[in-house]
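Here's a quick briefing to read alongside the model.

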Amino acid sequence: MTTLAHNTGPRRWATATRRRAAGDLAVALVAVLVITVMTRWLFGVSHTYVAKSIGLYFGLAALILRSGSDEFTGPGLGPANRVTLGRSTLVLPMAALALEPPGFPDDVRWWVIAVSTVAMVCDGIDGAVARRTGTNTVFGARFDMELDSFLALALSTLVWRSGKVDLWIVLIGAFRYLFVVAGWLWPALTVELPVSQRRKTVCVLNSAVLLLSLIHISEPTRLGMSS
């Protein structure tokens, strides 16, 4: 009986943690819906935009539950992961705009710049929270990194789809994913990399450069092309 109780306790804790994590994800879904609907109402983007944004969020939620459930610091996702999840509610609705038809008016572009800037400014808070609460995990660090990478990919795609910059700009946001593909071909690249503030800084600088590019895409010259 003692052994049974000992084994049941962790299972009950894991079940409760996953249930609370699902609650955290449900709250974040509401936030995504609010930002998505607001974007749709303000700028009149396509009817399918809401479905695209929610689809991206459900994909993220599935990856979180699959990849991080054993590392949740509880109750639920844990304080640091909640901060990162909050940033994702800003990033994903902007990323969904990259799936919209090209040719955004300037007001949509400035909305993307404003929301993405808030998401970038909040970057680093999750790490500070993790250190302060002693809830650092490999999953949390990966979650933060992958969200930064996805933001860079979305921004680079938006810059390209403006029609003012050639396709090469997408490479700035695609480096992380090209590295993953390279790891499939050369398994040595899949070895866990040591923690590096330099990589984090480069990722943030990439996104900052892309935001500056969004600011200047109204210029008549076509970057990367001969005049």
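In this predicted model, the axes of α4 and helix α8 (residues 197-216) come within 10 Å and cross at roughly 160 degrees; axes are lines fitted to C-alpha atoms over the stretch in contact, with angles from 0 to 180 degrees between N-to-C directions. So α4 counts as roughly antiparallel to α8, a label for angles over 145 degrees. Residues are numbered from 1 along each chain as its sequence is written. Local features need pLDDT of at least 70, side-chain atom pairs count only at pLDDT 80 or more, totals for chains, interfaces and linings use all residues, and side-chain values use heavy atoms, leaving out hydrogens and water.

**The α4/α8 contact**
- On the α4 side, the contact (heavy atoms within 4.5 Å) uses R109, W110, V112, I113, S116, T117 and M120.
- By class, that's nine nonpolar, three polar and one charged residues.

- Three aromatic pairs turn up in the whole structure (ring centres within 6.5 Å, using the six-membered ring for Trp).
- F43 sits in helix α1 (residues 2-43) and W111 in helix α4 (residues 106-121), 68 residues apart.
- W111 is buried (under 20% relative accessible area, 1.4 Å probe), at 19%.

**Whole protein**
- The protein has eight helices and zero strands, helices being DSSP runs (H or I) of at least four residues and strands (E) of at least two.
- Of its 227 residues, 38% count as buried.

Terms used:
Rings of Phe, Tyr and Trp (its six-membered ring) pair if their centres lie within 6.5 Å; planes under 30 degrees apart count as stacked, over 60 as edge-to-face and the rest as tilted. Buried means under 20% relative accessible area, exposed over 50%, partly exposed in between (1.4 Å probe, protein chains only). Angles under 35 degrees count as roughly parallel, over 145 as roughly antiparallel, 65 to 115 as roughly perpendicular and the rest as oblique. Ala, Val, Leu, Ile, Met, Phe, Trp, Tyr, Cys and Pro count as nonpolar, Asp, Glu, Lys and Arg as charged, and the others, Gly among them, as polar.
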